[in-house]
Amino acid sequence: MRTYELVVPCHFGLEAVLKREIYELGYEIEKVEDGRVSFVGDAEAICRANIFLRTAERVLIQVGRFRATTFEELFEGIRALPWEEYIPEDAKFWVKKASSIKSKLFSPSDIQSIVKKAMVERMKQSYHREWFPEDGAPYPVRIFLLKDEVTVALDTSGDSLHKRGYRTLASKAPLTETLAAALLMLTPWKPDRILVDPFCGSGTFPIEAAMIAAGIAPGMNREFTAEKWTNFIDHKIWYECVQEAQDMVHTDVNTDIQGYDIDGDVIRAARENAKRAGVDHLIHFQQRPVADLRHPKKYGFIVTNPPYGERLEDKKDLPALYGQIGEAYRNLDAWSMYLITSYEDAERYIGRKADKNRKIYNGMLKTYYYQFMGPKPPKRRNE
């Protein structure tokens, strides 16, 4: 059975969460680097990784790795790769993205142009033809240069995996679905525990939590570029993996997941998003300010993405807002709170130092994941 080195990018700082997910799917980790995890798998692994991984940004097949400090070395390195094993004669192939960090070659447009030329030269030799129609299935290529090491990969996912398909309506500062899932998975929250997001926006935290609770695979209702790659991934494998995902769904689970926001229009959008995700019956959304956050039960979780004050005029409101967050949290009995923000005075106005603080990059924005730990609930005695 043919195997591939699969490279799976994720948010910087969350590699350990993705690594755990890959292990749980049954695969061995080859390598962990900044912002990506690699493992070896067959065609089925490509399908399962796309459908089941909650924290991955995309799934790439590594075609090759080599060093290049000149465009000539880049050209020769690309031409030496076995493109004919991946790309059929009629394929549409192009360099979707090139990125370069701390490397002598740094112009993305020049890198893209040279890589495409070298691929064409290799395929001319392999297919004994001078021209390619490029009217078949799409095969997008991604190139990464880090300290002059070139990683060459085919993108099996297409649209980023954070696009689950349920969020057509987003609030002003949305959190991606993959980041929300990863942050939830960094907490000890389990589906039988209370979860509240008092700044739920378009509903990403509550919806991702409800999908975890109901066993809904994040990619089971969307399409992937590699579904068209019938030259080495049989269509039947995709059907079997989707069937595996469908067999794991249990939407009759009992949950206590709540999403609040001060904006009524945003709450309506969150309800629509939850409906599209098939979890609207598992979440209670309500228009409510954080100052009114109450809950009679113990041992619950706040997981939230409050306003950061990215615009200068909003910054003046932050001390009062974070003060309200701290007050609401103090009034909850034995709860834990997990809060992602770029606001550096968050702990000061919440009125308590976080038990843990993790630096996470949300795109180019440096944020902090403040973790305020409540006590563990007592173990239930077996009846």
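Author: The charged end of Arg288 sits over the ring of Tyr260, 4.4 Å from the ring centre; for this, NZ of Lys or CZ of Arg must be within 6 Å of the ring centre and within 35 degrees of the ring normal. The charged end of Arg2 likewise sits over the ring of Tyr86, 4.8 Å from its centre. Tyr86 also belongs to a cluster that ring pairs form with Tyr4, Tyr139, Trp229 and Phe232.

The model is predicted: local features need pLDDT of at least 70, side-chain atom pairs count only at pLDDT 80 or more, and totals for chains, interfaces and linings use all residues. Residues are numbered from 1 along each chain as its sequence is written, and side-chain values use heavy atoms, with hydrogens and water left out.

Across the whole structure there are 15 aromatic pairs. Rings of Phe, Tyr and Trp (its six-membered ring) pair if their centres lie within 6.5 Å; planes under 30 degrees apart count as stacked, over 60 as edge-to-face and the rest as tilted. Phe224 and Trp238 are stacked, at 5.5 Å centre to centre with 15 degrees between the planes. Phe224 lies in the loop between α6 (204-213) and α7 (235-247), and Trp238, 14 residues apart from it, in helix α7. Helices (H or I, at least four residues) and strands (E, at least two) are DSSP runs, numbered from the N terminus. Both Phe224 and Trp238 are buried, that is, under 20% relative accessible area (1.4 Å probe, protein chains only), where exposed is over 50% and partly exposed in between.

Tyr322 and Tyr343 form a tilted pair, because their planes are at 50 degrees, with the centres 4.9 Å apart. Tyr322 is buried at 0% relative accessible area, and Tyr343 is buried at 10%.
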